[in-house]
Amino acid sequence: MRNKTIIVLTGAGISVESGLATFRDAGGLWCGHRIEDVATPEAFGRDPKRVHEFYNLRRAQLKDAAPNAAHLALAKLAARWQGRFFLITQNVDDLHERAQTLHPPAIGYQLFHMHGELNKARCQASEEIIDWRDDLTVATPCPCCGKPGSLRPHIVWFGEMPLHMEFFAKIFPECDLFMSIGTSGNVYPAAGFVREVRALSRSHTVELNLEPSLVNSLFAEKIYGPAGEIVPRYVERILAGEV
């Protein structure tokens, strides 16, 4: 498979061992908040102060997190892979990027945040995306237009279209190995990627998860356990030519 195309999808489960909470718990809460109150365009329009405070807290928590063994294993694979490697993450953290500082990726590698990035803000007037690691408030002036209140978190909220979807449709037919790591199979369109890959390519599909996802039956290979244990082992198998 040395010159083949790998596509990896990661979800919140890969960052649990770094101390970041999964997307939502059994009670329908997200870090103690109702999704409807902090993760929709309507919530931001209704109470931007509350939404900013929520993402300020998440941004602060991210500063204390570090890449775990699963992030580092994928970075190692990206650095050594001779073919094309597309990493699609549903996560808004920057732990994949930080892992890559230890293992700089090869030229065929691309990383996509389909749900946005916590350390970026977006101007609602110009749509310009700005690196942002500090707190945001309704009084924060936008660097590009100067207007206070113009900035919003660069996060794809419920009811909004995930990023890069047109590009994903182009690369799925070229896939040789599709890996889904730390995903629940509950959030679409990402949960449907394995079905699309199977329909468009002859890819080998593998789910690496703490427990079976809601779409586990669609995968040819299934490996369960903590991401920090099973992902490094599977990466070593790939690099050894066993996959």
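Gly 83 sits in the loop between helix H4 (69-80) and strand S4, where helices (H or I, at least four residues) and strands (E, at least two) are DSSP runs, numbered from the N terminus. With a relative accessible area of 10%, Gly 83 is buried; the term buried means under 20% relative accessible area, exposed means over 50%, and partly exposed lies in between (1.4 Å probe, protein chains only). Between the C-alpha atoms of Gly 83 and Pro 162, which are 79 residues apart along the chain, the separation is 26 Å.

Before I continue, a word on the source. This is a predicted model, in which local features need pLDDT of at least 70 and side-chain atom pairs count only at pLDDT 80 or more, whereas totals for chains, interfaces and linings use all residues. Residues are numbered from 1 along each chain as its sequence is written, and side-chain values use heavy atoms, with hydrogens and water left out.

I turn now to the sheet. In which order do the six strands of the open sheet run? The order is S5-S4-S1-S9-S10-S11, with parallel pairing; two strands pair if DSSP finds at least two bridges between them. Strand S5 (109-113) and strand S11 (221-224) are the edge strands, each pairing on one side only. On average, neighbouring strands of this sheet are turned by 15° against each other, direction ignored. Such angles run from 0 to 180 degrees between N-to-C directions, and the axes are lines fitted to C-alpha atoms, for helices over the stretch in contact. Within the sheet, strand S9 (residues 177-181) and strand S10 (residues 204-209) pair in the parallel sense over five bridges. Ile 181 has Leu 208, in S10, as its bridge partner. Helix H4 lies across strand S1 (6-10), S4, S5 and S9, and runs at about 155° to S4.

Ser 15 belongs to the loop between S1 and strand S2 (29-30). Is Ser 15 buried or exposed? At 2% relative accessibility, Ser 15 counts as buried. Leaving aside neighbours within four places in sequence, Ser 15 is in contact (heavy atoms within 4.5 Å) with Leu 20, Asn 68, His 71, Asn 91, Asp 93 and Leu 95.

The next topic is the aromatic rings. The structure holds eleven aromatic pairs. Rings of Phe, Tyr and Trp (its six-membered ring) pair if their centres lie within 6.5 Å; planes under 30 degrees apart count as stacked, over 60 as edge-to-face and the rest as tilted. Phe 44 and Trp 157 form a tilted pair, with 5.4 Å centre to centre and 40° between the planes. This pair links distant parts of the chain, 113 residues apart: Phe 44 is in helix H2 (residues 41-46), and Trp 157 is in the loop between strand S8 (151-155) and helix H6 (165-171). Phe 44 is buried at a relative accessible area of 9%, and Trp 157 is buried at 3%.

An edge-to-face pair is formed by Phe 86 and Phe 167, at 5.8 Å centre to centre and 70° between the planes. Here too the pair links distant parts of the chain, with Phe 86 in strand S4 (residues 85-89) and Phe 167 in helix H6, 81 residues apart. Phe 86 is buried, with a relative accessible area of 0%, whereas Phe 167 is partly exposed, with 28%. Ring pairs link Phe 86, Phe 112, Phe 167, Phe 168, Phe 172 and Phe 193 into a cluster.

Finally, I come to the salt bridges. A search of the whole structure finds twelve salt bridges, each being a side-chain nitrogen of Lys or Arg within 4 Å of a carboxyl oxygen of Asp or Glu. Glu 174 forms a salt bridge with Arg 84, and the closest N and O atoms are 1.7 Å apart. Glu 174 lies in the loop between H6 and S9 and Arg 84 in the loop between H4 and S4, so this pair ties together parts that are 90 residues apart in sequence. Glu 174 is partly exposed at 36% relative accessibility.

The side chains of Glu 221 and Arg 237 meet in a salt bridge at 3.1 Å, N to O. Glu 221 is in strand S11 and Arg 237 in helix H8 (residues 227-239), 16 residues apart. A network of salt bridges links Arg 34, Glu 36, Asp 37 and Arg 50.
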